[in-house]
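Here is a short report on one protein model.

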Amino acid sequence: EDAEATEEVRFLEAAGVLTEDATVVDFGAGTGQLALTVAPRCARVVAVDISPVMLEHLQRQVTQMALGNVECVYAGFLSYEHQGRAAGLIYSRFALHHLPDAWKAVALCRMADMLRPGGALRLWDVVYDFAPQEADQRFDAWLHEYPVSDRAGGWTRVDVAEHIRDEHSTFTWLLEPMLERAGFEVIEAHTDVSGLFTRYLCTKS
């Protein structure tokens, strides 16, 4: 899946939250698209993931590309312990939804504690921007965007159904108070036309 890493790095630079001296912590780094793209633009990258397979894949790429400023860490939102200089930027794409809401709130507080004053959080996830009364209609439309079984193009209808049923995606009007309570100011929030995918840019108050 294309993580739009190049576009994201450009956005973060244009927003002034990605600087050459920054430490970037990438939660749910996966195959490392963001970590590898951002590494030449900052001082240090910590790629955090709970999948040993993902981290092994990423570490091979780091070695091949001779990126001395990228560290791969086996941990998650609730277990990662930040070491060294406070982070200037925390990035998370399609990972926070794995946590129930109570633990999302805890994770956001932990992330705020890792950031330097004025540091930024870029959060991109499945976050529902619609009323509960619209859920059936929105989810049905989402399901029918994907084929029933053909995996050639990526997600299938079964995968979407599994996400709706088993994952912990929440509503914007629940997540945003969590961000504020954790000490973040929401600078920008953009939800796509489906009302399903939301990108936040926040700074530490």
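On the face of helix 7 turned away from its buried side sit the exposed residues Glu180 and Arg181. The model is predicted. Helix 7 spans residues 172–182, and its buried residues are Thr172, Leu175, Met178, Leu179 and Ala182. They lie on the same side of helix 7, because they cover an arc of only 125 degrees around the axis. The cover over these buried residues includes helix 4, strand 5, strand 6, strand 7 and strand 8. Just after helix 7 comes Gly183, with a positive phi of about 105 degrees.

**A buried arginine.** Helix 4 runs over residues 101–114 and holds Arg110. Arg110 has a relative accessible area of 18%, under the 20% cut-off, so Arg110 counts as buried. Leaving aside neighbours within four places in sequence, Arg110 is in contact with Phe77, Leu78, Ser79, Tyr80 and Glu81.

**The largest pocket.** The volume of the largest pocket is about 1,200 Å³. Its lining has 43 residues, and the closest to its centre are Glu1, Arg93, Phe94, His97 and His98. Elements that give two or more residues to this lining include strand 1, helix 2, strand 2 and strand 4. Helix 6 gives the largest share, four residues. The lining divides by residue class as follows.

| Class in the lining of the largest pocket | Residues |
|---|---|
| Nonpolar | 19 residues |
| Polar | 13 residues |

Terms used. Residues are numbered from 1 along each chain as its sequence is written. This is a predicted model: local features need pLDDT of at least 70, side-chain atom pairs count only at pLDDT 80 or more; totals for chains, interfaces and linings use all residues. Side-chain values use heavy atoms; hydrogens and water are left out. On a 1 Å grid over the protein atoms alone, a cavity is a set of points where a 1.4 Å probe fits but cannot get out, and a pocket is an open set with protein on both sides within 12 Å along at least five of seven lines; lining residues have an atom within 4 Å of a point. Grid points are joined across faces, edges and corners, and a volume is the space filled by probe spheres set on the points. Ala, Val, Leu, Ile, Met, Phe, Trp, Tyr, Cys and Pro count as nonpolar, Asp, Glu, Lys and Arg as charged, and the others, Gly among them, as polar. Buried means under 20% relative accessible area, exposed over 50%, partly exposed in between (1.4 Å probe, protein chains only). Contact means heavy atoms within 4.5 Å. The arc is that of the directions from the helix axis to the C-beta atoms.
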